[in-house]
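Here is a report on selected features of one structure. Please keep the sequence and the 3D view open while reading.

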Amino acid sequence: MSRFDRRCLAAFFFFALVLSGCGEKRVIMERPPVEAGLSGEEPAVEAQAAPPSQELLPAEDLHPHAVFLAEAPHVRIFILESRQPMRVRITSAFRIGVDTGAEPVASMKRGGDFSVRLSGGEAVLAEGKRRLISSGSVSIEPEAGGRVCLGGKQYRGIVRFRPFKGGLIAINILDIDEYIKGVLPSEIGYLKPHQFEAYRAQAIASRTYALGKLEDRKADIYDLNATVMDQVYSGAGAEHEAASRAVDETRGLVCTYLGEPIKAYYCSCCGGHTADIRIAWPWKTPYPYLHGVRDTVPETSGESLCRGSKHFRWRVHWSGSALSGLLKRTLPRELKVPARGVGRLADIRTIGTAPDGRAAGIEIVTDKESFEVLGDRVRWVLKPDPASEAILKSTLFKIEVSVSGGRLTAVDMIGGGNGHGVGMCQTGAIRMAELGYSGEDIIAHYYPGSTIEPVYR
């Protein structure tokens with residue numbers, strides 16, 4: 001076996017692994033959320049042994065260098081799903097493809113308004129009442145500079161329509177950098193000139209995240225969702241000149257660890273300390289570059305970089321009855337337990353607290369049974385507004401339980417940050433850019449031990 005073959009085999013096995021009376025209050029979290037200027041020095045993070053299934057491969061078993069690609073890859077983005085016909089506007093002449101064939105089977109010399117509907121298990125492209133083509137999947141590829149307008153958004157590249165779960169889905173297929181240009185403004189906002197380096201950091205992180213999904217989902221019909229399930233992608237209409245320039249300036253640059261693209265997670269606001277993946281997602285591989293960092297730099301004199309965010313600190317209050325009713329809905333959904341077995345809320349406790357203040361989990365005690373919810377899944381159980389689908393902002397919190405007459409009457413929560421907290425803090429990245437740090441500096445701060453490498457030109 002040649003040296004090249006051995007390296008390819010090592011890379012294959014690495015990706016296979018990755019796939020794989022009077023009222024009283026009782027405070028049930030000892031350490032408050034980390035806050036710069038109040039908590040003193042960053043607490044030392046204690047080593048935690050990972051379960052055997054989460055252990056990393058020895059360094060010598062990993063591909064020693066990043067994989068270089070001949071050209072920028074294309075990505076498949078799940079952009080829309082509907083059981084109703086989809087209205088499509090095409091701004092230029094276009095080619096039509098069917099199934100997964102590489103060559104177009106027909107073309108239109110003009111754009112216009114069209115529809116795609118499901119009929120007889122096939123996708124049907126029509127103009128008015130005139131059926132143009134039907135197949136297991138139908139692809140539309142505008143001429144250079146043309147756009148496909150769908151669901152109020154404009155898309156570059158190819159849009160493929162195919163049957164899915166009794167309806168149709170639309171998948172946008174385009175160059176990874178064109179995709180990133182439609183991601184940046186939606187994910188990190190429209191930044192000011194002196195914040196430009198945060199765009200560059202986000203471009204590297206988003207490209208790295210997307211590249212990893214190509215391997216993870218290569219057997220699926222799409223690579224990424226256009227929502228917070230992956231990265232928010234709003235198409236060509238959301239592009240911003242400065243953000244697009246950052247994508248071009250960082251073309252091909254990917255963040256790697258031991259020669260492979262990292263899991264480049266990021267969040268809106270970390271609340272003062274990024275999360276340790278072993279606490280946030282104990283079921284995922286605990287890469288050391290995701291063990292969490294104190295979100296400060298020397299210029300801030302100990303104050304958190306994301307301190308200016310409106311999400312830096314927040315409060316939530318539930319009455320005992322409201323929270324009890326909420327849990328009867330969320331626990332069955334998240335833990336797959338029968339709703340009738342949940343019972344009335346009797347108590348709620350944290351299950352361990354990380355040095356940064358994040359709850360490792362919660363124990364919910366009812367008059368019928370106790371339930372444990374671990375890591376970031378807590379956010380889907382303790383929703384702040386029972387009438388809304390919005391999840392809890394973060395697991396960086398402390399809880400106060402109020403008891404009266406032996407009954408739980410209220411739960412109050414003080415928390416910090418917005419998001420899972422793992423990886424790059426976007427608000428912190430913007431602040432670092434304002435302080436003069438480069439995009440590369442930002443990446444190094446939030447993914448310590450990683451390396452930035454070009455993987456295509």
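Helix α9 spans residues 439-446, and its buried residues are Gly439, Ile442, Ile443, His445 and Tyr446. Buried means under 20% relative accessible area, exposed over 50%, partly exposed in between (1.4 Å probe, protein chains only). Helices (H or I, at least four residues) and strands (E, at least two) are DSSP runs, numbered from the N terminus. The buried residues of α9 fall within an arc of 160 degrees when seen down the axis, so they line one face of the helix. That arc is taken over the directions from the helix axis to the C-beta atoms. The buried residues pack against α3, β15, β24 (424-425), α8 (426-434) and β25. Contact here means heavy atoms within 4.5 Å.

This is a predicted model: local features need pLDDT of at least 70, side-chain atom pairs count only at pLDDT 80 or more, and totals for chains, interfaces and linings use all residues. Residues are numbered from 1 along each chain as its sequence is written, and side-chain values use heavy atoms, with hydrogens and water left out.

**The three-stranded sheet**

Two of the elements packed against α9, β15 and β25, belong to an open sheet of 3 strands. The order is β16-β15-β25, and the pairing is antiparallel. Two strands count as paired if DSSP finds at least two bridges between them. The edges are β16 (260-261) and β25 (451-454), each pairing on one side only. β15 covers residues 253-257 and joins β25 through 4 bridges. In that pair, cysteine 255 stands opposite isoleucine 452.

Helix α3 (residues 196-216) lies across β15, β16 and β25. Its direction makes an angle of about 65 degrees with β15. Axes are lines fitted to C-alpha atoms, for helices over the stretch in contact, and angles run from 0 to 180 degrees between N-to-C directions.

**The six-stranded sheet**

A second topic is the open sheet of 6 strands, ordered β8-β7-β6-β3-β10-β11. Its pairing is antiparallel. β8 and β11 (153-155) are the edge strands, and each pairs on one side only. From one strand to the next, the twist averages 30 degrees.

Within this sheet, β7 (residues 122-127) is largely enclosed by the rest of the structure, because 5 of its 6 residues are buried. β6 (residues 112-119) pairs with β7 over 5 bridges. Valine 116 has leucine 125 as its bridge partner in β7. β7 is also joined to β8 (residues 130-135) by 5 bridges. In β8, arginine 130 partners glutamate 127, and serine 134 partners valine 124.

**Hairpins and their glycines**

Both of these pairings form hairpins, β6 with β7 and β7 with β8. Elsewhere, β22 (residues 397-404) and β23 (residues 407-415) run antiparallel and share 8 bridges. Valine 403 stands opposite leucine 408 in β23. The table lists the glycines with positive phi in the hairpins.

| Hairpin | Residues between strands | Glycine | Phi |
|---|---|---|---|
| β6 and β7 | 2 residues | glycine 120 | near 60 degrees |
| β7 and β8 | 2 residues | glycine 128 | about 65 degrees |
| β22 and β23 | 2 residues | glycine 405 | near 60 degrees |

Most residues other than glycine have a negative phi. Which value does leucine 258 take? Leucine 258 has a positive phi of about 50 degrees. The residue sits in the loop between β15 and β16. With 35% relative accessibility, leucine 258 counts as partly exposed.

Serine 301 also has a positive phi, near 50 degrees. Its loop runs between α5 (277-280) and β18 (314-319). Serine 301 is exposed, at a relative accessible area of 67%.

**Threonine 366**

Threonine 366 is found in β20 (residues 361-366). Buried or exposed? Threonine 366 counts as buried, at 8% relative accessibility. A polar atom of its side chain lies 2.5 Å from the backbone oxygen of valine 342. The backbone oxygen of glutamate 369 lies 2.9 Å from a polar atom of that side chain. A polar contact is a pair of N or O atoms within 3.5 Å; within protein, one must be able to donate a hydrogen and the other to accept it, and residues adjacent in sequence count only if both atoms are side-chain atoms. Not counting residues up to four places away in sequence, threonine 366 touches Val342, Gly343, Arg344, Leu345, Ala346 and Phe371.
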